[in-house]
Amino acid sequence: MTRPCVHLCRGAVVATAVGALVLPALGGTAGAAAPAAGATVVAAAPSPTPSGDEVRDLTPQVKQRIDQAVRRIMKQANVPGVSVGVWTPDKGEHVKSFGLADKETGRKMTPDLFMRIGSETKTFTVTAVLELADEDKVGLDDTIDKYVEGVPNGDRITLRQLAGMRSGLFNYSQDEDFFKALTSDPQRPFAPQQLLDYSFKHPVLFQPGAEFNYSNTNLILLGMVVEKISGQTLADYIQEHILDPAGLDDTSFPTGNEFPQPHAQGYSNQTATGEVEDTADWNPSWGWAAGAMISTLEDMRVWARTVATGRLPDGERLISPATQKERLTTPPTPIPGAGYGLGIFDVQGWIGHNGSLPGYESLTIHLPSAQATLVVLLNTDISYKNEEPSTLFGDALTQIISPDHVFNLPSQPAAR
């Protein structure tokens, strides 16, 4: 595929960066080579998790350093607006917004704005599957053909392998026909089966369990499992069984391109022409169980701890301790220092996920050793020197607040 897509034409490159709602893109991982499709990957063991568990006191001086780092990255990467939150139980907190939510009107970014969170949706979808597993309605080692017909290797791919990105299924959002369909009409709806059709016309990349390969196709299948077993739409199940119990009143799973007010406008060059466009009214149904959800800075603060611990804000369990342990078993990936469990990663001790889709990026991570949380929400996905801006923020801010635990995830071009 020729450029109109600096980022969207990845073609045969396999996405190894966790958190990306990947569309076809050009180029590989900055700092970690991305294997070619079908290539054998020898997974490097993650770098040892640093032994320190310190998070610095959020003194006025440290807060000033945080603000300076944010402004530096915004200028460097041309980020219109960003909201940042750092919370600790005993060393303070820092919540602040920078820049513009709307470049046309000059409206400023504020911490209360609704934002699209992209692949952080995966943490909700996988939580739904884990809840059903706790109820013995599904088994993590069930094969997907028990629930969805027509999946290549469906009699061998387990729900666990889907959640852990080890199925070998081609990522539908890397398909060139999908890219053309999406960017030619960004407000069109996509049904889950349509998304699978883009994937299943491609051969499998490897046999189930043999490698790690980040694929949105896996989450579409898990969403379909939730719907089949629960008898509810995925949106309704997540609302009733996850959002309501967690008190996430400002988090939603849209069924179309609806977007609660007030929200930030989103800016992307993941477009048919490659020109920067406002993507706020794009229909995220193409991401569905892999990336359609909307949230706020405060709700993601609550969710960061909930998903990392398996406990609701009131102390009750969202999922059982045994199932949470399985979620947080994070085998190595080809990315040094990063392990990926069941819909969640561990990067140098930070547990959580990132997200990116045209116009928006997010990062929600929790450091259990210090009970600290970092959330970053921004309104562009335009990469800087092949790096996602959300990862630039995560790296720089954790260098300041948790120097023994630096979120140094190598990143890939955005729009995932």
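This report describes the sheet, the salt bridges, some backbone details and a charged surface patch of a predicted model.

## The sheet

Eight strands make up an open sheet, and their order is β3-β2-β1-β12-β11-β10-β9-β8. The pairing in this sheet is antiparallel. At its edges are β3 (107–108) and β8 (338–340), each of which pairs on one side only. Strands of a sheet pair through backbone hydrogen bonds, either parallel or antiparallel.

Strand β1 covers residues 81–87, and seven of its seven residues are buried. The cover applies to both faces of β1. On one side are G81, S83, G85 and W87, on the other V82, V84 and V86, and all of these are buried.

Strand β1 is joined to β2 (residues 93–102) by seven bridges, and the two strands run antiparallel. One of the facing pairs places W87 opposite E93 in β2. Together β1 and β2 form a hairpin with five residues between them. In the turn of this hairpin, G92 has a positive phi of about 95 degrees.

Strand β1 also pairs with β12: six bridges join the two, again in an antiparallel arrangement. Here S83 stands opposite L377 in β12. Strand β12 is in turn joined to β11 (residues 360–367) by seven bridges, and these two strands run antiparallel. In that pairing, E361 has L378 of β12 as its bridge partner.

## Salt bridges

Across the whole structure, a search finds eight salt bridges. One of them joins R160 to D141, with the closest N and O atoms 2.9 Å apart. This pair links distant parts of the chain: R160 is in helix α3, while D141 is in the loop between α2 (121–134) and α3, and the two are 19 residues apart. R160 counts as partly exposed because its relative accessibility is 26%, between the limits of 20% for buried and 50% for exposed.

Two further salt bridges involve K201. The side chains of D175 and K201 meet at 3.3 Å, N to O. D175 is buried, because its relative accessibility is 3%. K201, with a relative accessible area of 45%, is partly exposed.

The other salt bridge of K201 is with D177, at 2.6 Å from N to O. This pair also links distant parts of the chain, 24 residues apart: D177 is in helix α4 and K201 in the loop between α5 and α6. At 39% relative accessibility, D177 counts as partly exposed.

## Backbone details in the loops

Two residues other than glycine have a positive phi and lie in loops. M165 has a phi of about 60 degrees and is placed in the loop between α3 (159–163) and α4 (176–184). K385 has a phi near 50 degrees and is found in the loop between β12 (372–378) and α11 (389–401).

K385 counts as exposed, because its relative accessibility is 68%.

A cis peptide bond is found from Q261 to P262, with omega near -5 degrees. P262 lies in the loop between α7 and β5 (267–268).

## A negative surface patch

Which residues form the negative surface patch? The patch is made of D112, D236, E240, D244, D249 and D250. One of these residues, D236, lies in helix α7, which spans residues 234–246. D236 counts as partly exposed because its relative accessibility is 43%.

Note on methods:
Residues are numbered from 1 along each chain as its sequence is written. This is a predicted model: local features need pLDDT of at least 70, side-chain atom pairs count only at pLDDT 80 or more; totals for chains, interfaces and linings use all residues. Side-chain values use heavy atoms; hydrogens and water are left out. Patches are made of residues with over 30% relative accessible area and no salt bridge: like charges are joined within 9 Å, nonpolar side chains (Val, Leu, Ile, Met, Phe, Trp, Tyr) within 5 Å. Accessible areas come from the Shrake-Rupley method with a 1.4 Å probe; for residues, only the protein chains shown count as cover. A salt bridge is a side-chain nitrogen of Lys or Arg within 4 Å of a carboxyl oxygen of Asp or Glu. Lys and Arg count as positive and Asp and Glu as negative; His and the chain ends are not counted. The place of a charge is taken as NZ of Lys, CZ of Arg, CG of Asp or CD of Glu. Helices (H or I, at least four residues) and strands (E, at least two) are DSSP runs, numbered from the N terminus. Buried means under 20% relative accessible area, exposed over 50%, partly exposed in between (1.4 Å probe, protein chains only). Two strands pair if DSSP finds at least two bridges between them.
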